[in-house]
Amino acid sequence: MKTLADIFEHTLQDMYYAENAIIKALPKVAGAAKDAKLKKAAEDHLEDTKGQIRKLEQVFKSIGRKASGEKCDAIEGLIKEANGLMEEASGTALDSGLLAACQAVEHYEISRYGSLREWAKDLGHDEAHKLLSEILDQEKATNNKLTNLAVTSINRTH
């Protein structure tokens, strides 16, 4: 990678891979969650993620590329961490850990979509900029929901 266009396309491929990996992981998170609100948040985010994949496909199309993923080590690590929690934790620790793991994923996505959005703008990809802004807004909203859920859970358990 030598140009902004190169890193833009590489990061798009990372995120396409990541979103598809998240779709596979979220049902497991929803199944493991004991807290009904956390379970619902995971299920809702699954639907949001499917929509984000469709938007990413539009982004690829808007820049004249075929949608494709490239293994994203960061998301693999975050999912591995969540899987470990599901194997080792129980009760309140499980739900609290899953909530934190979900927020770690959201924070990763927010950082990547923020960069992608700005790069799209710099590269003159107006349609991509618009779509990436929409995804970024969704990710921020999901993070806010998870933060509110965390505060509610902490207040309820202490």
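**Notebook: salt bridges and helix packing**

I began with the charged side chains and found K55, K130 and E134 linked in a network of salt bridges. For a salt bridge I required a side-chain nitrogen of Lys or Arg within 4 Å of a carboxyl oxygen of Asp or Glu. By this rule I count six salt bridges.

I noted the ground rules next. This is a predicted model, where local features need pLDDT of at least 70 and side-chain atom pairs count only at pLDDT 80 or more, while totals for chains, interfaces and linings use all residues. Residues are numbered from 1 along each chain as its sequence is written, and side-chain values use heavy atoms, with hydrogens and water left out.

**Entry: the bridges**

I looked up E134 and K55. Their side chains form a salt bridge at 2.9 Å, N to O. This pair joins distant parts of the chain: E134 sits in helix α5 (residues 126-157) and K55 in helix α2, 79 residues apart. I took helices as DSSP runs (H or I, at least four residues; strands are E, at least two), numbered from the N terminus. E134 is partly exposed, because its relative accessible area is 26%. My classes were buried under 20% relative accessible area, exposed over 50%, and partly exposed in between, with a 1.4 Å probe and protein chains only.

I then went along α2 itself. D44 and K40 meet in a salt bridge of 3.0 Å, N to O. Both lie in helix α2 (residues 36-62), four residues apart, about one turn of the helix. D44 has 34% relative accessibility, so I list D44 as partly exposed. K40 is partly exposed too, at 47%.

K50 is partly exposed at 33% relative accessible area. E47 is partly exposed at 48%.

I checked the span of helix α1 (residues 4-32). Its 29 residues reach 40 Å from first C-alpha to last, close to the 42 Å expected at 1.5 Å a residue. The expected span is 1.5 Å times one less than the number of residues.

Where does α1 bend? The bend is at A25, by about 30°, and a proline, P27, follows within four residues. I used the angle between axes fitted to the seven residues ending at a position and the seven starting there. A25 has 19% relative accessibility, so A25 counts as buried.

**Entry: packing of α1**

I set α1 against α2. Their axes come within 9 Å and cross at roughly 160°. Axes are lines fitted to C-alpha atoms, for helices over the stretch in contact, with angles from 0 to 180 degrees between N-to-C directions. The two helices are therefore roughly antiparallel (over 145 degrees; under 35 is roughly parallel, 65 to 115 roughly perpendicular, the rest oblique). Their crossing is left-handed, meaning that the near helix is turned anticlockwise from the far one by less than a right angle; clockwise would be right-handed.

I repeated this for helix α4 (residues 91-122). The axes of α1 and α4 come within 10 Å and cross at roughly 160°. That makes α1 roughly antiparallel to α4. This crossing is left-handed.

G124 follows α4, with a positive phi near 80°.
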